[in-house]
Amino acid sequence: MTRYGFCGLKVIAGFTAALAFSTLLAFAQTDATPPSPRKGIVIWDVPAFDALPDDENGPLARYGRSIIEATYAHIGPEAVNPEARYAGNNLACANCHLHAGLKKFGLPLVAASADYPAYSSRTGTVSSIFDRVNQCLKRSMNGRPMPEDERPMQAILAYLKVLSTHIPTEATIVGAGAGSMPEMDRAADPSRGAAVYAHTCADCHRRDGLGVRRNEALPNMGYAVPPLWGPDSFNDGAGTARLITLANFVHDNMPNGTSWIAPTLAPEDAWDVAAFVLSQPRPQLAGIDRDFPDLLLKPVDAGYPPYADSFSVEQHRFGPFAPIRAEIARLRETRGEVPNPNSP
Ligand code: HEC
Ligand code: HEC
């Protein structure tokens, strides 16, 4: 087992121990029965899609899996049926939600259906799983929202629902998101990241970052290697356009085939290469200054203003983030909330 893999396991064990300890403390103070510590689900028990019966739901969920894996062909900007063109780029959901949402720390979708409805700090409203899928369509896929009664949307929702079959509502899963490696004391450095990129990423994603199409003449066949920037990439309002998300995703999953158990990039290189990728041009989403009606709930690494604090855009994009977090905590104590002047 590698050094990083070992650390990862220790972090989880340490976290559980910390939870148990705080529970004991609470017990000592209140005399109440201690609640059992919330543990994450380690083994994801996902039904076999190919074995789902051929009733109404089975084929719909399998169609949903196909949309996740080959989004470009079904709903991409060059899809055969012009009315089905909801995604604005030729990515696949599964380019980011790796293994069609089944990979630990590869932005899994296993708990998504069980996680929603949930409060979204980005919109300031309670979102359904349907709203959340449309957020990825608008931002990660640089496209437009799909109505709930469209068959491809029904299929995506059916797929997500089957994935969550054995995940209780509000359960946590081990391996959610993209991980959380330690942060650096310094800002991530795009120029150092350029060297990491040339050395570790460019063979696949190409020097120009535009990836490799399966067929140059047929964009609706998607990418053998997806683009990381340029006109066919995710836009600046996407979750992947935030440094912490991208750096962890890259650390735990890239070069493609890497597992969180045995990362190949040093954390420092992952931070810097993510900063390099985010310094490159990408589509811009209009109106993102209206995101996060309470600016105290805006993630520290959102790369676009306005902010509740007076740190520079540069520091929000590349860190270091600890001083920003401390200031946000102080503002929350003193002011409770900071309304976004641009939000409706
Ligand atoms: C061996 C080839 C290979 C290497 C090397 C590689 N990648 Fe990837 N990368 C891929 C493939 C293939 C995918 C899509 C995975 C899928 O669809 O299952 C991907 C997906 C991604 C994604 C998410 C999709 C997107 O287009 O935004 C990011 C971000 C990414 N890679 C960044 C990097 C970075 C940064 C490096 C260098 C540290 C790197 N990759 C190295 C092949 C590679
Ligand atoms: C460029 C990368 C990328 C692409 C492409 C992408 N997503 Fe996402 N998606 C993300 C990120 C990042 C998150 C936030 C993950 C988190 O907060 O842990 C996310 C979150 C989600 C969630 C919420 C998961 C949860 O448990 O809260 C759903 C559902 C989702 N995406 C569905 C989709 C679907 C369906 C598609 C294709 C139509 C898609 N995504 C395409 C990056 C992407």
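Sorted by class, the shell around ligand 2 comes out at 14 nonpolar, 8 polar and 2 charged residues; here Ala, Val, Leu, Ile, Met, Phe, Trp, Tyr, Cys and Pro count as nonpolar, Asp, Glu, Lys and Arg as charged, and the others, Gly among them, as polar. This is a predicted model, in which local features need pLDDT of at least 70 and side-chain atom pairs count only at pLDDT 80 or more, while totals for chains, interfaces and linings use all residues. Residues are numbered from 1 along each chain as its sequence is written, with chains lettered from A and ligands numbered from 1 in the order in which they are written.

Ligand 2 is surrounded by 24 residues, the closest being Cys93, Cys96, Cys136, Ser140 and Gly239 (near means a C-beta atom, placed from the backbone, within 6 Å). Two or more residues each come from H4, helix H6 (112-115) and helix H7 (129-138), and H7 has the largest share, 4 residues. Helices here are DSSP runs (H or I, at least four residues), numbered from the N terminus.

Turning to ligand 1, 24 residues surround it, with Cys201, Cys204, Pro226, Pro255 and Asn256 the closest. Helices H4 (93-96), H10 (202-205), H11 (243-253) and H12 (267-278) each supply at least two residues of this shell, whose make-up is 18 nonpolar, 5 polar and 1 charged residues. Ligand 1 also lies between domain 2 and domain 3, because both give residues to its shell.

Definitions and conventions
Domain bounds come from an automatic or database domain assignment.
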